[in-house]
Amino acid sequence: MVSVPIQSNRLAFKVAQQLIASIKDGEYKPGERLPSERELAEKMGVSRGPLREALSSLQVANIIITKNGAGTFVNEIVPSKRNAFKALASALSDQSPIDILEVREPIEVKAAFLAAENRTEKDIQDMTIAFEKLKKLILSGRDPKDADMEFHLAIAKATNNTVLEKTMELIFSLMDKDFWEIVMENLSVRVYQDEKEIADYIMIHEEILKAIIDKNKERAQLLMKLHINQQIESL
């Protein structure tokens, strides 16, 4: 689960995060009635406003349910990663990173295939520059997010398919939001400081680039699929 410091504009997110953790840890068991809003607010040290927003976001994700006249209860099913992220996204009025990555996967797999088929020398230059930039950033302990986006958008441009390119630009615009920023902050601490994770991150991008340069379409799309699925698993 992602971790984020409490800030005024993220308080409902933080409350939702703490409630989900309490449910997963067994403090509130499946089928159990939650304490009243007043009790929860006092226990968590927050006002009822952000607490209600957090509870609403958990209801959207079907993690808790409200029974008329009986109160609010934990669902019988332990929250999945997907539902937890859906609730947290709802708390921020944002998109779930899982949803974004699941849409990226088939589009970027196709992009890698088409880029390997259609790339020009200028495309190779653009992709290489972006790769070298993200490599330099991550090796110096800095967040490679912007260079990573640049690399993937260079691949989209290399497809010579303007619809695909514009679709990728739209998807990346959804990633320029609070929830994605929180996820990247968490990854910077948890993943990008680990030597093996850093080496793996550089290697998968380098291998994708090499496959596209070599016009190895099958390998390019296979590596891209692996890369996106690894990102989903890392959340």
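**How many cavities of 30 Å³ or more does the structure hold?** The answer is two. This is a predicted model, in which local features need pLDDT of at least 70, side-chain atom pairs count only at pLDDT 80 or more, and totals for chains, interfaces and linings use all residues. Residues are numbered from 1 along each chain as its sequence is written, and side-chain values use heavy atoms, with hydrogens and water left out.

Figure 1. Helices (H or I, at least four residues) and strands (E, at least two) are DSSP runs, numbered from the N terminus. The C-alpha trace spans about 65 × 35 × 25 Å along its principal axes.

**Figure 2. The largest cavity has a volume of about 70 Å³.** A cavity is a set of points, on a 1 Å grid over the protein atoms alone, where a 1.4 Å probe fits but cannot get out; a pocket is an open set with protein on both sides within 12 Å along at least five of seven lines. Lining residues have an atom within 4 Å of a point. Points are joined across faces, edges and corners, and a volume is the space filled by probe spheres set on them. The lining of the largest cavity is made of R104, K145, D148, M149, M175, W180, M184, Y192, Y201 and Q231. Two helices, α7 (145-158) and α9 (178-190), each supply at least two of the lining residues. With three residues, α7 gives the most. By class, the lining has six nonpolar, one polar and three charged residues. Here Ala, Val, Leu, Ile, Met, Phe, Trp, Tyr, Cys and Pro count as nonpolar, Asp, Glu, Lys and Arg as charged, and the others, Gly among them, as polar.

**Figure 3. The second largest pocket holds about 170 Å³ of space.** It is lined by 14 residues, and P35, E37, L55, T66 and T72 are the closest to its centre. Helices α2 (37-44) and α3 and strands β1 (64-67) and β2 (71-74) each supply at least two lining residues. The most come from α3, which gives four. The lining divides into five nonpolar, six polar and three charged residues.

**Figure 4. Helices α3 (residues 48-60) and α4 (residues 81-91) cross at roughly 140°.** Their axes come within 8 Å. Axes are lines fitted to C-alpha atoms, for helices over the stretch in contact, and angles run from 0 to 180 degrees between N-to-C directions. The two helices are therefore oblique to each other. Angles under 35 degrees count as roughly parallel, over 145 as roughly antiparallel, 65 to 115 as roughly perpendicular and the rest as oblique. The crossing of α3 and α4 is right-handed. A crossing is left-handed if the near helix is turned anticlockwise from the far one by less than a right angle, and right-handed if clockwise. S57, L58 and V60 of α3 touch K86, A87, S90 and A91 of α4, where contact means heavy atoms within 4.5 Å. Four of these contact residues are nonpolar, two are polar and one is charged.

**Figure 5. Helices α10 (residues 195-213) and α11 (residues 217-234) cross at roughly 160°.** Their axes come within 8 Å. The angle makes α10 roughly antiparallel to α11. This crossing is left-handed. From α10, the contact uses I204, H205, E207, I208, A211 and I212; from α11, it uses R219, A220, L223, M224, L226, H227 and Q230. The contact has eight nonpolar, three polar and two charged residues.

**Figure 6. Helix α5 (residues 97-118) packs with α11 at an angle of about 160°.** The axes of α5 and α11 are 8 Å apart. This makes α5 roughly antiparallel to α11. The crossing of α5 and α11 is right-handed. On α5, the contact is made by L101, E102, R104, E105, E108, V109, A112, F113, A116 and E117. On α11, the partners are K217, E218, A220, Q221, M224, K225, I228, N229, Q231 and I232. By class, the contact of α5 with α11 has nine nonpolar, three polar and eight charged residues.
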